[in-house]
Amino acid sequence: MTFSWQKGHGTENDFVLLPDHDGTVHGDLDPSFVAALCHRRRGIGADGVLRVIRSSAAGVTSEAEWFMDYRNADGSISEMCGNGVRVFARHLLDEKLVDTDRFAVATRDGDKLVSVGADGQIAVDMGAFSIGGYSEVRTSEGLAVTAREVHTGNPHAVAFVDDVEQAGTLLTEPRFDREVYPEGVNIEFVARRGPGHVRMRVHERGSGETRSCGTGACAVGIATALADGDTARPTEYRIDVPGGTVHVTLDENDHVVLTGPAEIVARGEMEWMA
Ligand SMILES: N[C@@H](CCC[C@H](N)C(=O)O)C(=O)O
């Protein structure tokens, strides 16, 4: 099977992009194929796949022409990917599939408005968010922490710690309360670095520990504002992740806006032989 592909990343959260404009190349996008592509030893290696497909071809009702069909590295589907949408936007711009630097991208969590800055950074209005209560997360190495439930299109548990290295290796998924998160959860460990500035590590549902998570950074910004009693709008947080830095703004409409880099690093035709 031969098809075109690209590789990109946003703060080292990396993705295989599969252009499939009319949905004729990859059909239903088999989860085992996604998992094989993402495998770091037997495949190309990535935290997830972004299929680039027209909303109409994906059966999505949207004003936005392009739908980000996001899959986790294990082949599972998630509603949203914050770093992915920036990489997706970079691809649309590079391939001249959009002709303006402000446009919407359709996702399973609705349309996201993307704006490209003069510095090349990409800002995404991730829309409204919701906040839940507290429950415990526990790493396999025995760290037990109370985490705040935050939904930024997908589910997150945000746990404040003194030092993110306390989370240990994160080689296995921390335990969490399945009654609170029946669909699974992305878990962020967050440590403060200064006013409006935190550091985080994340264990992603369906992908394991990644070098960055955009929706996770948004959840962390929201949980930090709540913990600080910061009700000013707009208010901005700098979030350091192992793969770089992103900025999260809570704006006057109580939307969360994610700003960060996005880069395409390779493209080509592939003959998949596995
Ligand atoms: N890395 C992403 C989040 C991807 C989805 C997540 N693993 C889930 O299952 O919800 C991001 O940048 O937001």
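According to the UniProt annotation "binding site", taken from an unreviewed entry, the positions concerned are Asn 13, Asn 72, Gly 82, Asn 83, Asn 154, Asn 186, Glu 204, Arg 205, Gly 214 and Thr 215. The structure discussed here is a predicted model. The chain is divided into domain 1 (2–127 + 261–271) and domain 2 (130–254). Because domain 1 and domain 2 both give residues to the shell around the ligand, the ligand lies between them.

**The two domains**

- The C-alpha centres of domain 1 and domain 2 are 23 Å apart.
- Domain 1 gives 19 residues to the contact, and domain 2 gives 18 residues.
- On the side of domain 1 that touches domain 2, there are five nonpolar, nine polar and five charged residues.

**The shell around the ligand**

- The ligand is surrounded by 18 residues, of which Ser 78, Asn 83, Asn 154, Gly 214 and Thr 215 are the closest.
- By class, the shell holds 14 polar residues, together with two nonpolar and two charged residues.

**Helix α4**

- Helix α4 has 15 residues, which at 1.5 Å a residue should span 21 Å; the end C-alpha atoms are 21 Å apart, so the two values agree.
- This helix is mostly covered, since twelve of its 15 residues are buried.
- Among the buried residues of α4 are Gly 214, Thr 215, Gly 216 and Ala 217.
- After α4 comes Gly 229, which has a positive phi, near 65 degrees.

- Gly 214 belongs to helix α4, and the UniProt record includes Gly 214 under "binding site".
- Gly 214 counts as buried because 30 C-beta neighbours lie inside 10 Å, where the cut-off for a buried residue is 20 or more.
- Apart from neighbours within four places in sequence, Gly 214 is in contact with Gly 10, Cys 81, Gly 82, Asn 83, Val 246 and Leu 258.
- Arg 205, also listed in the UniProt annotation, is found in the loop between β12 (197–204) and β13 (208–210).
- Arg 205 is buried because 22 other C-beta atoms lie within 10 Å.
- When residues up to four places away in sequence are not counted, Arg 205 touches Asn 72, Gly 184, Val 185 and Asn 186.

Conventions:
Residues are numbered from 1 along each chain as its sequence is written. This is a predicted model: local features need pLDDT of at least 70, side-chain atom pairs count only at pLDDT 80 or more; totals for chains, interfaces and linings use all residues. Domain bounds come from an automatic or database domain assignment. Two residues are in contact if their C-beta atoms, placed from the backbone, lie within 7 Å. Ala, Val, Leu, Ile, Met, Phe, Trp, Tyr, Cys and Pro count as nonpolar, Asp, Glu, Lys and Arg as charged, and the others, Gly among them, as polar. A residue is near a molecule or strand if its C-beta atom, placed from the backbone, lies within 6 Å of it. Helices (H or I, at least four residues) and strands (E, at least two) are DSSP runs, numbered from the N terminus. The expected span of a helix is 1.5 Å times one less than its number of residues. UniProt positions are given in the numbering used here, feature names are shortened, and annotations may be inferred rather than shown by experiment.
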